[in-house]
Structure formats: structure tokens, C-alpha cells
Amino acid sequence: MSLIEIAPLGLKEDKLEQIAEYLEELKDALAEVAEEYEDDEAEEEILDTLTDALAYVDDALDAVNDVLLE
């Protein structure tokens with residue numbers, strides 16, 4: 001079972017738009033979790049890892065949006 005459902009017969013642009021929406025939701029959720037760790041004064045290494053993960057998700061979202069804008 002997948003948490004993400006992409007229309008298998010949709011246009012590739014529609015699929016990318018759906019992926020962009022999921023990435024935006026993931027970015028928001030990850031930012032909230034990172035903030036919780038920061039509020040709990042987690043170790044710097046953990047915060048750095050979560051910050052890196054958030055940056056990677058943001059980069060992926062930017063890349064998908066770049067393709068959609070072409």
C-alpha cells in the first residue's frame with residue numbers, strides 16, 4: 001500500500017504537479033518535526049541532519065517545478 005497515489009494514466013505534467021504537491025506537504029511536515037527537535041534542544045548532529053533532509057526535499061521540489069515551468 002502506498003501513501004502516495006499518482007494517477008497512472010494521467011499526463012506526465014499532471015503527475016509532476018501531484019508530486020510537487022506531495023513534496024510541499026512533506027517539506028511542511030519535515031519542517032514541523034525539525035522544529036520540535038529544535039525546541040527539545042536535540043543534539044546539533046540531529047538538527048543538522050534534519051536541516052539537510054529539508055534542504056534536499058526543497059531542492060527536489062525546485063527541480064520538479066523547474067521542469068513544469070519549461
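**Chat about the structure**

Student: Which residues does Leu-50 touch, not counting residues up to four places away in sequence?
Tutor: With those neighbours left out, Leu-50 touches Leu-30, Ala-34 and Tyr-37. Touching, or contact, means heavy atoms within 4.5 Å.

Student: Before we go on, what kind of model is this?
Tutor: This is a predicted model, where local features need pLDDT of at least 70 and side-chain atom pairs count only at pLDDT 80 or more, while totals for chains, interfaces and linings use all residues. Residues are numbered from 1 along each chain as its sequence is written, and side-chain values use heavy atoms, with hydrogens and water left out.

Student: Okay. How many helices and strands are there?
Tutor: The chain has 2 helices and 0 strands. Both kinds are DSSP runs numbered from the N terminus: helices are H or I with at least four residues, and strands are E with at least two. Helix α1 covers residues 12-39, and helix α2 covers residues 44-69.

Student: Back to Leu-50. Which residues make up the largest nonpolar core?
Tutor: Leu-50 is one of 8 residues there, and the others are Ala-20, Leu-23, Leu-30, Ala-34, Val-57, Leu-61 and Val-64. The elements that give two or more residues to this core are α1 and α2. A nonpolar core is a set of buried Ala, Val, Leu, Ile, Met, Phe, Trp, Tyr and Cys residues joined through side-chain atoms within 4.5 Å. Buried means under 20% relative accessible area, exposed means over 50%, and partly exposed is in between, using a 1.4 Å probe and protein chains only.

Student: And how much of the chain is buried?
Tutor: Buried residues make up 14% of the 70 residues.

Student: Which residues does Leu-68 contact, leaving aside its neighbours within four places in sequence?
Tutor: Leu-68 is in contact with Glu-13, Leu-16 and Glu-17. Leu-68 sits in helix α2 and is partly exposed, at 26%. The C-alpha atoms of Leu-68 and Glu-17 are 7.6 Å apart, though the two residues are 51 apart in sequence.

Student: What about Lys-12 and Ala-42, how far apart are their C-alpha atoms?
Tutor: Those two are 30 residues apart along the chain, and their C-alpha atoms are separated by 41 Å. Lys-12 is in helix α1 and is exposed, with a relative accessible area of 62%.

Student: New topic: charges. How many salt bridges are there?
Tutor: A search of the whole structure finds 2. A salt bridge is a side-chain nitrogen of Lys or Arg within 4 Å of a carboxyl oxygen of Asp or Glu. Glu-24 pairs with Lys-27 at 3.8 Å, N to O. These two both lie in helix α1, 3 residues apart, which is about one turn of the helix.

Student: And the other one, which residue forms a salt bridge with Lys-27?
Tutor: Asp-58 does, with the closest N and O atoms 3.2 Å apart. Asp-58 is in helix α2 and Lys-27 in helix α1, so this pair ties together parts that are 31 residues apart in sequence. Because they share partners, the salt bridges join Glu-24, Lys-27 and Asp-58 into one network.

Student: Are Glu-24 and Asp-58 buried, exposed or in between?
Tutor: Both are partly exposed, Glu-24 at 31% and Asp-58 at 27%.
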